[in-house]
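Student: I would like to learn how to read a protein model feature by feature. Could you take me through one?

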Amino acid sequence: STKVMGGTEFVFKVNHMRVTPMDLPTTSLLNVFSGNECGAEGSWQVGMEQDVTHTNGCVALGIRLPHTEYELFRMEQDARGRYLLYNGQRPSDGSSPDRPEKRATSYQTPLVQCSSSSQSSEGDGKEKHSDARPSGGSGSSHSSRLDTICALTVLTLLLYFS
């Protein structure tokens with residue numbers, strides 16, 4: 001980033017979107033909207049995915065397509081070697097950073113990379129813990145860090161828009 005030292009700027013463009021309501025209240029809400037506002041009118045079912053691209057997003061969820069967001073991210077390791085992903089702070093007025101001048105200049109509390117655990121193969125009941133690492137060996141290359149940021153960003157956006 002030219003404005004925030006250590007930050008990397010991304011532009012996300014969303015042109016297609018699918019929605020899966022996971023509970024009855026959300027499903028009921030989606031079924032209230034007319035056919036040109038959020039998918040096929042009256043057709044929503046719990047757990048059933050529906051493409052809302054043809055209705056230009058979903059008014060009920062506050063999402064219009066196409067949609068662009070100007071984001072800021074930073075990734076680093078803490079003293080314990082865990083990866084930390086800093087997402088840019090969302091606008092305080094609740095709006096979307098949909099223009100370059102609304103791009104974050106500060107960060108939210110970082111997301112901490114989780115570690116995976118599994119039962120040991122010897123059946124001794126002890127858990128083995130291993131930190132998941134980005135692909136590309138040690139994870140120290142700039143390219144693999146950007147790949148990890150990109151993957152985590154997509155996950156963050158998917159969670160944000162679900």
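Predicted model: local features only at pLDDT ≥ 70, side-chain atom pairs only at ≥ 80, totals over all residues.

Student: How many helices and strands does the protein have?

Tutor: Helices (H or I, at least four residues) and strands (E, at least two) are DSSP runs, numbered from the N terminus. The protein has 2 helices and 10 strands. Along the sequence the pattern reads β-β-α-β-β-β-β-β-β-β-β-α.

Student: What share of the residues counts as buried?

Tutor: Buried means under 20% relative accessible area, exposed over 50%, and partly exposed in between (1.4 Å probe, protein chains only). Here 32% of the 162 residues count as buried.

Student: Which cysteines form a disulfide?

Tutor: A disulfide is a covalent bond between the sulfur atoms of two cysteines. The criterion is a pair of cysteine sulfur atoms within 2.5 Å. The structure holds 1 disulfide. Cysteine 38 and cysteine 58 form it, with their sulfur atoms 1.9 Å apart. The pair links distant parts of the chain, 20 residues apart: cysteine 38 is in the loop between helix H1 (24-32) and strand S3 (50-51), and cysteine 58 is in strand S4 (residues 57-58). The angle about the S-S bond is -90°, a left-handed link.

Student: Are these two cysteines buried or exposed?

Tutor: Cysteine 38 and cysteine 58 are both buried.

Student: Which residues make up the largest nonpolar core?

Tutor: In soluble globular proteins, nonpolar side chains tend to be buried together. A nonpolar core is a set of buried Ala, Val, Leu, Ile, Met, Phe, Trp, Tyr and Cys residues joined through side-chain atoms within 4.5 Å. The largest one has 10 residues: Met17, Val19, Leu30, Phe33, Cys38, Trp44, Val52, Cys58, Ile63 and Leu65. Another core lies apart from it, with 6 residues, including Val4, Leu72, Leu84 and Ala104.

Student: What does cysteine 58 touch?

Tutor: A contact means heavy atoms within 4.5 Å. Leaving out residues up to four places away in sequence, cysteine 58 touches Leu30, Glu37, Cys38 and Ile63.

Student: Which residues of S7 sit on each side?

Tutor: In a regular strand the side chains alternate between the two faces of the sheet. In S7, Tyr83, Leu85 and Asn87 lie on one side, with Leu84 and Tyr86 on the other, and all are buried. Strand S7 spans residues 83-87.

Student: How many bridges pair S6 with S7?

Tutor: Two strands pair if DSSP finds at least two bridges between them. Strand S6 (residues 67-77) pairs with S7 over 5 bridges, antiparallel. Phenylalanine 73 has asparagine 87 in S7 as its bridge partner. The two strands form a hairpin with 5 residues between them, and glycine 81 in the turn has a positive phi of about 85°. S7 is also joined to strand S8 (residues 111-112) by 2 bridges, again antiparallel. There leucine 85 stands opposite leucine 111.

Student: Where is the cis peptide bond?

Tutor: The bond from leucine 65 to proline 66 is cis, with omega near -10°. Proline 66 is in the loop between strand S5 (63-64) and S6.

Student: What is phi of asparagine 56?

Tutor: Phi is near 55°, a positive value in a residue other than glycine. Asparagine 56 lies in the loop between S3 and S4. At 44% relative accessibility, asparagine 56 counts as partly exposed.

Note on methods
Residues numbered from 1 in each chain as written. Heavy atoms only, no water.
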